[in-house]
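Have a look at it first, then read on.

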Amino acid sequence: MSLIGLACFFAVWEVASRTDLVPGYYLRPPSAVLPRVVTLLGETGFQRALVATVLATLIALGIAIAVAVPAGLVLGSVPPVRHAVMTLVEFLRPIPSVALIPLAVVTIGTGPDTKIVLAVFGALWPILFNTMYALDEIDPLHTETARAFGTGGFGVLRRVALPSAAPFVFTGVRLSFAIALAVVVSTELFSGGTVGIGQFVLEASAGGLNMDDVLAGTVIAGLVGLGANFGLEWLHRRLFAWSLPRGGER
Amino acid sequence: MKMLEVRGLGHTYRGKDGTHTAIDGLEFTVDPGELVCVVGPSGCGKSTLLRTISGLIKPTRGSVSLHGNPVDGVPSDLSVVFQDYSRSLFPWLSVTKNVEFPLRKLTRRNRTTRAAEALAAVGLDGAGRKYPWQLSGGMQQRVAIARALAYRPSLLLMDEPFASVDAQTRFELEDLLLRVRREQDTTVLLVTHDIDESVYLGDRVLVLSKSPATVVADLDVPLGQHRDQITTRSSDAFVDLRARVAGLLTSAPARVR
């Protein structure tokens, strides 16, 4: 059922490409691109690019979690810090990571650390905000119950605040994965010099209008995001059944 | 020695729009093993009373002592059962883990045994691995009671514990409370707005005035140890006492639910 939308998208694409609504030379039909996706996945050169991109995304996500969750906990539970820092956060958050590519290339270079740093910057915000707001949503009766049984401040944070915030934080991580992936691929595409799907697409488009490869690379980037989202959703349902509507019972 | 001694207890909330005195000059004691019901008009400060006794808020006046020790902060041998079971149980923990929650200081083995005993006492032997949200409201409140009992408190505080369940379940839980407190010799202070419930459950009934609450009557309940939902509730002693409590509450010029 959930794949109907995807199938329709490919059908529209096929029709648009075949009926010369758009120049078929540039927008190759899926019937040509999808077989290329399969052969590409078998090529060592592309496999290396794919692994480089996914690895950079995962590292960036890991760093973003390690920074944003503690920061969100502090911002969510210490109002003075929140007041002091929120303006800065709201100033930085709307800046697109892609707009920072020139600055990053000049200051960090064109290695893999550049795309990781930029992806961390993009992926921080959903995790930070979800962690922060999750703390606002904690039921005061949960806190009071824990305190009435002699649980201290740190115990309440560890045994009540963290578990009750965890599903929201996880949702933030899911949103951040897609952002990190997009930033990593964009950085590869714009700055070149580092192995990855983005660079593969860049070279394919520059080399001689090899649009099959360009589109196949793009489709694969989308599939990575799709797969990751499916996986994370499944994990969310398993880990946090209690937080789903009607507790996940059907 | 008294289990609980409340002397001149008063609390005034200070907010942006002035002050509100919820309770004022409360005086009463509870003996070990007693079940005392506190009944009062809604909004009279019953919850404030429980929160000051449990050390969750610091009263502005007066003192609370638990077996002779003044309460300053949350006492280590006190349990609370709140009205809203769906919010006081932790949904991410199984029933057993919820009951084990306050037993942090015990060894793992002792925790498991205590939790199993407490769940058996409330008739939930088989439900330990379930999650609270998989149980009915009445069963959830049993879990909350089991959690409070597993802690083996000197004093069990109950804040309108049966106000959110249907009438049939309420009768069952009332009898459950009478049975376990007989078996375990627990001292209970139960707050309710239900006159019948206060008379049916209590060894004594404390009647509070409207806010700021003071004790207007301290009545012994001459119904004996063994009570029955049908015969006790239709006995003359029950009907008389219920009428007296109702009279005391309505003479206090506040809305009585």
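A salt bridge here means a side-chain nitrogen of Lys or Arg within 4 Å of a carboxyl oxygen of Asp or Glu. In chain B, the side chains of Glu172(B) and Arg142(B) meet in one, at 3.3 Å from N to O.

A quick word on the ground rules. This is a predicted model, where local features need pLDDT of at least 70 and side-chain atom pairs count only at pLDDT 80 or more, while totals for chains, interfaces and linings use all residues. Residues are numbered from 1 along each chain as its sequence is written, chains are lettered from A and ligands numbered from 1 in the order in which they are written, and side-chain values use heavy atoms, with hydrogens and water left out.

| Domain | Residues |
|---|---|
| Domain 1 of chain B | 4-77 + 154-251 |
| Domain 2 of chain B | 86-152 |

Their C-alpha centres lie 24 Å apart. Where they touch, 15 residues of domain 1 of chain B are in contact (heavy atoms within 4.5 Å) with 11 residues of domain 2 of chain B. Together the two domains bury about 1000 Å², 66% of it on carbon and sulfur atoms; buried area is the accessible area (1.4 Å probe) that two parts lose on being put together, summed over both. The rule finds one salt bridge across this interface.

As for the UniProt record, an unreviewed entry, its annotation "domain: ABC transporter" covers residues 4-235 of chain B; such annotations use the numbering given here, with shortened feature names, and may be inferred rather than shown by experiment.

Conventions
Domain bounds come from an automatic or database domain assignment.
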